[in-house]
Amino acid sequence: MDKSSRILVLGHRGLIGGALHLKLAQMGYAPRTGSRVQTLSQALGNIGDAEYVFLAGGVGGGIAKNLRQPAELCLGTMRMLSAVLAGAWERKVTRLIWFACACVYPVLDRPATERDLWGGPLEPTSRAFAAANLAGIELTRAYNEQHGTEFLVLCPPTVYGPGDTFSEDGHVLAAMIRKCHAAKVAGTPEVAFWGSGRQRRQFLYVEDLAAVAVEIMQSPAFTEWGPLLNVAGHPARRLDDVAENVADVVGYTGRIRWDTTKAEGTTRKELLGGWAFPAPPTLLRAGVKQTYDWYQAKVANLPQGQNRG
């Protein structure tokens, strides 16, 4: 991949896609963007003559959305992946990368490696979405083996950063920032989060993931991985510790209450990286500070605190 390569970023309005588009532009590339894809004709129209495709769009969300809309999440993901992979093969794309969710791994009491795929039952709250991702991974494998394509799935832990979704359907760290900010502004003495706070989560700052994805796309070793490659971050942390850090960065001094009547998902979600970072990724507190600065500038004063629908 060089500066004259025809590069497509699908999902450029989202968290990962936005960071990818920005990173590529900063490196001197001229990435194209595309619209939402749910059919083969849409995929073919978006891909055109692109040589390198980053698929970072699609449906997704936190635990609340997984509980409320499992069918939509599953169906939308399967439609998107099947259409884009088929379109990329038909258009003879040189390389393609898409991003899976860490919920594809079974419930484990240790960090998951790529060898753990299909190794046990999935966490129930995200099972439908995970199943769609698993189908996409196997479809990626099938295209590579049958047709000689160079498609790769990157699996990060929970990704966060500027461009995140801060609605009720967002992921845990964005939800913590939104709730702590709202409580600070309103002077609310208490803020509540779902679960016990003992569940452990691993986080990766989105700009670190974007840089890794571009590096992997360029790597001569691209075909040696796959179809799945973990991209982990720092070790997982308890969510009560994460919440204290978020509250401190936001400047919220009230009480944090954990609502154990609400679902909390798997006890531990952590990956062991198949990809080794050349330098340590962004520390959580620094990443939260950058994310909160972006939130204050771009989102906090919008209706319902949402950056997009």
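## Basis of the model

This is a predicted model, in which local features need pLDDT of at least 70 and side-chain atom pairs count only at pLDDT 80 or more, while totals for chains, interfaces and linings use all residues. Residues are numbered from 1 along each chain as its sequence is written, and side-chain values use heavy atoms, with hydrogens and water left out.

Strand β8 (residues 200-201) and β13 run parallel and are joined by two bridges, with Arg200 standing opposite Arg268 in β13.

## The six-stranded sheet

A second open sheet is formed by six strands in the order β2-β1-β3-β4-β5-β10, with parallel pairing. Here β2 (32-33) and β10 (228-230) are the edge strands, and each has a single partner strand, so one side of each is left without a neighbour in the sheet.

Strand β3 (residues 52-55) is joined to strand β1 (residues 7-10) by four bridges, the two strands running parallel, and Ile7 has Tyr52 as its bridge partner in β3. Four bridges also pair β3 with strand β4 (residues 95-99) in the parallel sense; in β4, Arg95 is the bridge partner of Tyr52, and Leu96 is that of Val53. Both faces of β3 are covered, since Tyr52 and Phe54 on one side and Val53 and Leu55 on the other are all buried (buried means under 20% relative accessible area, exposed over 50%, and partly exposed in between, with a 1.4 Å probe and protein chains only).

Trp98 is in contact (heavy atoms within 4.5 Å) with Leu55, Leu81, Leu85, Asn133, Gly136, Ile137, Thr140, Leu152, Val153 and Leu154, when residues up to four places away in sequence are not counted.

## The second largest pocket

On a 1 Å grid over the protein atoms alone, a pocket is an open set of points where a 1.4 Å probe fits, with protein on both sides within 12 Å along at least five of seven lines, and its lining residues have an atom within 4 Å of a point. The second largest pocket has a volume of about 170 Å³, a volume being the space filled by probe spheres set on the grid points, which are joined across faces, edges and corners. Its lining has 12 residues, and those closest to the centre of the pocket are Leu15, Gly18, Ala19, Pro162 and Gly163.

Both α1 (15-26) and α7 (206-218) supply at least two residues of this lining, with the largest share, four residues, coming from α1. By class, six lining residues are nonpolar, four polar and two charged, where Ala, Val, Leu, Ile, Met, Phe, Trp, Tyr, Cys and Pro count as nonpolar, Asp, Glu, Lys and Arg as charged, and the others, Gly among them, as polar.

## Backbone geometry in the loops

Most residues other than glycine have a negative phi, and most peptide bonds are trans. In the loop between α4 and β4, Lys92 has a positive phi near 60 degrees and is exposed, with a relative accessible area of 70%. Trp118, in the loop between β4 and α5, likewise has a positive phi, of about 65 degrees, without being a glycine, and counts as exposed at 54% relative accessibility. Gly226 and Pro227 are joined by a cis peptide bond with omega of about 10 degrees, and Pro227 lies in the loop between α7 and β10.

Note on methods: Two strands pair if DSSP finds at least two bridges between them.
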